[in-house]
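I set out to record what a look through the coordinates shows, residue by residue. The entries below follow the order in which I looked things up.

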Amino acid sequence: MRYWLFKSEPSTWSWDQQVAKGDAGEEWDGVRNYQARNFMREMAVGDRGFFYHSQKERAIVGIVEICAAAHPDSTTDDDRWDCVDIKALYPFKTHVTLDQIKANERLSEMVLVKSARLSVQPVTEAEWTLICNLGQTDP
């Protein structure tokens, strides 16, 4: 299993909206960055990801699971763009903020810290475990 992080502006797509989609999940569509698209092409059904609220909150708020492998993004006719489908698994008991992540030396190499603008990014197993512990959530 691999681990990922999905960033969303809560005013555009929030954790609550993701949860409301249930087990069917929802396309993680509209990504127009080649590196983020390539990460989605690497994902497998069953991989897990953090759901991160950007903008004001800037915090990891929940855990999602890839429920459909990369496929053409339905929001465009341009065949360069793919997406995956994700479903919400469970919320974090305690949100883990970007400030907390940046303050933790063991997370200093995390993509979220190094390439903050990337909307889909990998997370190492060590980062995954540490952040789940910070969020008081069983990984």
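I found that the side chain of Q121 reaches the backbone nitrogen of L112 at 2.7 Å. I count a polar contact as a pair of N or O atoms within 3.5 Å; within protein, one must be able to donate a hydrogen and the other to accept it, and residues adjacent in sequence count only if both atoms are side-chain atoms. The model is predicted: local features need pLDDT of at least 70 and side-chain atom pairs pLDDT 80 or more, while totals for chains, interfaces and linings use all residues. Residues are numbered from 1 along each chain as its sequence is written, and side-chain values use heavy atoms, with hydrogens and water left out.

I placed Q121 in strand β6 (residues 120–123); helices (H or I, at least four residues) and strands (E, at least two) are DSSP runs, numbered from the N terminus. Q121 is buried, with a relative accessible area of 1%. For these classes, buried means under 20% relative accessible area, exposed over 50%, and partly exposed in between (1.4 Å probe, protein chains only). Beyond neighbours within four places in sequence, Q121 is in contact (heavy atoms within 4.5 Å) with W4, L5, K7, F39, V111, L112 and S115.

I took a nonpolar core as a set of buried Ala, Val, Leu, Ile, Met, Phe, Trp, Tyr and Cys residues joined through side-chain atoms within 4.5 Å. The largest has 20 residues, of which F6, W28 and V120 touch the most other members. Two or more residues each come from β1, α2 (34–42), β4 and β5 (82–97). I noted that β5 gives the most, with four residues. A second, separate core of 18 residues includes I60, M110, V123 and W128.

P10 sits in the loop between β1 (3–8) and α1 (15–20) and is partly exposed at 27% relative accessibility. Its contacts, apart from neighbours within four places in sequence, are Q17, H53, S54 and Q55. I then turned to Q55, in the loop between β3 (48–53) and β4 (59–72). Q55 is partly exposed as well, at 43%.

Most residues other than glycine have a negative phi. I recorded a positive phi of about 65° for Q55. Phi of Q136 is also positive, near 50°; Q136 lies in the segment after α5 (125–134) and counts as exposed at 51% relative accessibility.
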